[in-house]
Amino acid sequence: MSDWIAIAKLNEIPPMGARKLLTETLEIALFRTGNDEVFALRDRCPHRGGPLSQGIVHSNAVSCPLHNWKIDLQSGEVQGPDDGCVNTYAVKVDEGVVYLNLALAESAA
Amino acid sequence: MSKQKLILIGNGMAGVRTVEELLKLEPEMYEITIFGAEPHPNYNRIMLSPVLAGEKTIDDIVLNNREWYADNGITLHTGDPVVAIDRISRQVKTASGNTLSYDRLLLATGSNPFIIPVPGHELPGVVGFRDIRDVEMMLESARQYQKAVVIGGGLLGLEAANGLMKNGMDVTVVHLMDILMERQLDKPAAELLKASLAESGMNFLMQAETAEILGDDRVRGVRFKDGSEIEADLVVMAVGIRANTELAQQAGLHCERGVVVNDTLQTFDPRIYAVGECVQHRDSCYGLVAPLFEQAKVCANHLAMLGYGRYEGSVTSTKLKVTGIDLFSAGEFNEEEGDETLVLQDPAQGIYKKLVIWDNRIKGAVMYGDTMDGTWYFQLLREETDISCFRNTILFGQHDLGDAGHGDETRVAMLSDDAEICGCNGVCKGDIVNAISSKGLFTLDEVRAHTKASASCGSCTGLVESLLASTMGEGYAATPSEKAVCACTEHSHDEVIQAIRTAPLKSMRDLFDYLNWKAPDGCSACRPALNYYLLANWPGEYQDDAQSRFINERAHGNIQKDGTYSVVPRMFGGLCTANDLRTIADVADKFEVPEIKVTGGQRIDLFGVKKEQLPAMWKDLTAAGFVSGHAYGKAMRTVKTCAGKTWCRFGTQNSTGLGVQLEELTWGSWMPHKFKLAVSGCPRNCAEATIKDFGVVCVDSGYELHIGGNGGIKVRVTDLLCKVETEAEVLEYCGAFTQLYREEAHYLERTAPWVERVSLSYVKQRILEDEVGRKALFERFQYGQQFAQIDPWRVRAEGAEAHEFKPLHINQMRAVS
Ligand code: SRM
Ligand SMILES: Cc1cc2nc3c(=O)[nH]c(=O)nc-3n(C[C@H](O)[C@H](O)[C@H](O)COP(=O)(O)OP(=O)(O)OC[C@H]3O[C@@H](n4cnc5c(N)ncnc54)[C@H](O)[C@@H]3O)c2cc1C
Ligand code: SF4
Ligand code: FES
């Protein structure tokens with residue numbers, strides 16, 4: 001049995017942009033980079049809880065809208081000089097559909 | 001190898017700072033558990049004074065929220081004090097019966113307020129000033145009672161007294177000595193301080209020794225040694241602190257006035273370290289955070305087993321956090337035999353400065369009224385600089401060494417890079433300037449976040465702001481044409497603008513390719529700038545790129561700290577009808593807007609709106625004729641107007657009507673930075689036109705046009721551009737000036753620094769001397785406005801960019817099964 005859930009079409013996320021995804025318990029930010037990679041991170045900046053889904057996406061990073069911390073989309077790590085880390089969730093894109101696997105994230109959560 | 005266990009006793013400023021420093025060095029080394037006696041996560045104790053004074057809330061002063069502990073894998077037990085340490089079995093025991101073993105233990109139990117053990121000292125209504133509970137109790141008393149007595153005229157006592165006064169209490173400060181803050185001030189400075197506090201309503205009883213606290217089930221007064229009495233419903237004891245060594249003593253650690261530690265902050269038990277106010281190091285106990293933070297750094301170094309840090313004691317300096325009072329002192333400021341003193345006294349202006357000198361070196365400093373140079377003197381003191389060559393001007397401050405008369409900003413600009421700006425966190429000027437320029441910081445908060453400067457007691461906020469202003473300003477002035485837009489390119493703003501026009505470049509992709517941008521899709525600093533330049537130059541052709549807009553401009557509202565947005569409908573010239581107000585009221589009701597505020601820009605702000613609600617709200621507003629107020633954008637903001645000739649007995653022209661016309665002309669236009677206008681009906685200038693980007697002051701014979709002013713971080717008064725005679729001319733000159741700025745300024749350069757960079761005479765030449773050029777500028781402005789004056793709210797209310805406002809949903813339960 002698979003834990004991958006289809007959540008959106010790729011073209012529902014703007015390139016170099018993001019969408020907020022709500023589950024019953026989580027707020028997740030889905031990012032799409034300039035070369036169509038998709039990442040899912042918890043929608044909460046480790047600094048003061050800013051909504052990362054509202055930030056500007058550039059290369060594989062997002063700049064938090066509140067105080068401009070930069071967060072690596074791949075690892076969830078805050079880029080220097082600030083410190084911190086955001087939970088990431090497993091995502092894949094298959095035939096233009098974005099799938100999310102929350103089970104894989106349990107350990108990180 | 002399994003992780004070692006570290007236990008911290010005392011969840012306060014020094015202990016938690018040590019843990020923070022440790023996590024920076026060795027995040028994985030320890031399994032960390034923290035026990036705190038208070039029920040709160042770590043907060044900024046220093047800020048209890050502003051909380052008491054009503055200037056901050058408890059929430060504002062939390063330093064590490066519970067999430068921080070969780071995120072760093074730290075187990076936090078609040079409200080559960082440690083009651084015993086067993087050094088043999090290496091365990092601690094808490095009040096609730098918890099026992100836990102440690103490999104290393106860190107003591108940071110702080111200190112307790114000293115309560116004078118006179119009869120009655122245990123009565124309800126007698127309180128120290130140390131923690132949130134004390135502050136809550138004082139605030140509660142202030143609501144119910146009238147008279148407060150503060151025993152102790154030191155730093156804490158005066159801050160408590162000031163706070164209680166702000167809460168409406170009638171406050172008397174009782175002090176044993178004949179001068180206030182005798183440990184930080186000399187007599188003349190203390191007198192100035194006392195006079196200024198007395199003027200604000202504080203009462204003083206000097207040289208009074210408390211004998212007894214009177215009362216039965218609550219205090220009702222204080223009696224003194226000489227038999228006199230005074231009424232009191234609340235008594236705050238602020239006579240000093242005692243290191244909290246109880247636990248350490250019980251555990252058999254060597255204690256004197258504090259827990260004795262060596263230069264590595266180790267106690268006599270090598271597994272136990274101690275930091276903070278509970279510590280005695282080389283015979284000194286400290287009661288200010290700066291030295292404690294230095295200790296924290298060294299202690300963390302040893303906990304991380306790096307083993308090279310040494311703490312060798314600190315020289316401290318003091319500031320008082322009473323709004324409106326500036327005082328500073330450092331070192332040994334009471335002269336002894338053989339010392340020389342330099343004094344500057346200007347009683348009329350309430351300024352006093354004294355330096356104590358020995359062998360041409362500063363030993364101590366006291367300043368009152370003008371403390372700007374405190375930082376500089378403190379640096380000279382610590383570095384033991386020989387001052388003989390500038391000794392005769394030293395009291396006039398550091399700016400006097402160079403050109404004088406440019407205010408604070410030049411003075412901080414003159415400081416050397418290693419001058420300490422933030423004493424609490426040990427942050428130097430160089431660190432701050434670096435952070436501002438390399439990371440493109442624009443606000444005080446950003447500087448705080450990146451450097452911690454001014455994040456503790458906040459008394460250096462002014463200096464940091466001046467640094468912000470001078471660094472950003474200098475950036476423009478020093479090498480305007482050479483500075484690269486950001487790290488993604490070597491090209492300067494001017495080169496990019498030039499290329500967009502001449503290549504020509506009409507899309508972001510073309511621009512990246514043509515100018516060999518290093519990062520494939522730029523960064524959050526350059527993309528908004530490039531988007532603006534493309535839009536400003538090719539208004540009809542360039543397709544605006546939402547993903548290159550900062551969220552406020554993408555969502556057409558201001559993002560708030562909790563992720564909600566604000567909605568500010570445009571009110572042309574600040575005029576409105578009863579119907580407009582009714583619509584706003586209805587919208588506020590319908591969408592349950594949590595807060596409504598009249599803004600400084602003469603219109604109404606609806607705060608706390610959820611992003612999903614924005615389009616629906618805009619629909620109602622646009623239906624009633626409102627358009628976006630662009631309060632969120634690098635765009636034309638407001639036109640402030642005064643009553644003018646229609647009503648005011650001094651009005652010379654129809655300032656409101658002209659304001660409306662100007663706003664109708666300019667609304668919707670995107671700008672390099674925010675752009676504000678105002679029209680005042682006469683030189684009394686009630687609309688503050690002379691601190692606006694474009695201001696009009698009406699006079700009998702016409703209209704004075706002023707440019708390049710702003711309030712904000714660095715206030716700049718406008719320059720007079722010219723005088724014109726008709727309203728039509730005002731509109732034409734305004735449009736032309738606006739367009740010149742839109743075409744030539746750098747992104748994020750407001751009119752004030754721009755006018756200073758290109759010079760007023762250049763602007764005059766383009767707008768006044770070149771009539772054909774002016775008309776062409778005005779025409780280009782009007783052409784662009786066709787595209788800019790399509791109300792972004794209306795199109796979104798009708799469905800544009802719908803994805804921006806709608807989150808995706810999944811049903812997790814179904815998904816997981
Ligand atoms: C709402 C308002 C405060 C109020 O309730 O009065 C306000 C609120 C903000 N101001 Fe302001 N400013 C407001 C009038 C002012 C004024 C007064 C004025 O316009 O007469 C000033 C000083 C005058 C000036 O600009 O020259 C002012 C100087 C600033 C500055 C400093 C600008 C500077 O050049 O130094 C900033 C920071 C910035 O723009 O980078 C700022 C930034 C902000 C931001 C956008 C901060 C932010 O990024 O979140 C605030 C947004 C709050 C929100 O969500 O609405 N605000 N701000 C005022 C909105 C007026 C309006 O109707 O649009
Ligand atoms: C109102 C006020 C204003 C101040 N203003 C300034 C200022 O402007 N500038 C400045 O530099 N300094 C100022 N200070 C001093 C500064 O706050 C202290 O120097 C600093 O907080 C001391 O840090 P610490 O960690 O040693 O102690 P604390 O911050 O007091 O932390 C000690 C913690 O340990 C807890 N604790 C004690 N015993 C136990 C136990 N057995 N088990 C578990 N927990 C325990 C306490 O409850 C407390 O929370 C001010 C202090 C006050 C009260
Ligand atoms: S509204 Fe303006 S002055 Fe007030 S806190 Fe926000 S930015 Fe500062
Ligand atoms: S909340 Fe993200 S940077 Fe501050």
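How many residues does the contact take from chain A and from chain B? The contact takes 42 residues from chain A and 40 residues from chain B, where contact means heavy atoms within 4.5 Å. This is a predicted model, in which local features need pLDDT of at least 70 and side-chain atom pairs count only at pLDDT 80 or more, while totals for chains, interfaces and linings use all residues. Residues are numbered from 1 along each chain as its sequence is written, chains are lettered from A and ligands numbered from 1 in the order in which they are written, and side-chain values use heavy atoms, with hydrogens and water left out.

The size of an interface is often given as the accessible area lost when the parts come together. Between chain A and chain B, the buried area is about 3,300 Å², and carbon and sulfur atoms give 55% of this area. Buried area here is the accessible area (1.4 Å probe) that two parts lose on being put together, summed over both. Of the area that chain A buries against chain B, A:R19, A:Q54 and A:I56 supply 19%, more than any other three residues.

The rule finds one salt bridge between chain A and chain B, a salt bridge being a side-chain nitrogen of Lys or Arg within 4 Å of a carboxyl oxygen of Asp or Glu. The side chains of A:R44 and B:E67 form a salt bridge at 2.8 Å, N to O.

On the side of chain A that touches chain B, the strands β1 (5-9), β2 (17-22) and β5 (56-58) each supply at least two residues. Helices (H or I, at least four residues) and strands (E, at least two) are DSSP runs, numbered from the N terminus. β2(A) gives the most to this side, with five residues. β2(A) also pairs in the parallel sense with strand β37 (residues 808-809) of chain B, over two bridges; two strands pair if DSSP finds at least two bridges between them. The bridge partner of A:L22 in β37(B) is B:H809.

One residue of chain B that touches chain A is B:R554, found in helix α17 (residues 551-555) of chain B. B:R554 counts as buried because its relative accessibility is 6%, buried meaning under 20% relative accessible area, exposed over 50%, and partly exposed in between (1.4 Å probe, protein chains only). Beyond its neighbours within four places in sequence, the contacts of B:R554 include A:Q54, A:G55 and A:I56. The side chains of B:R554 and B:E804 are joined by a polar contact of 3.4 Å; these residues lie 250 residues apart along the chain, with their C-alpha atoms separated by 8.1 Å. The side chain of B:R554 also reaches the backbone oxygen of B:A546 at 3.3 Å.

Chain B as a whole has 27 helices and 37 strands, and 55% of its 817 residues count as buried. One of its strands, β33 (residues 675-680), holds B:S680, which is buried at 0% relative accessibility. The side chain of B:S680 reaches the backbone nitrogen of B:A687 at 3.0 Å.

Notes. Polar contact = N/O pair within 3.5 Å; in protein donor to acceptor, adjacent residues only side chain to side chain.
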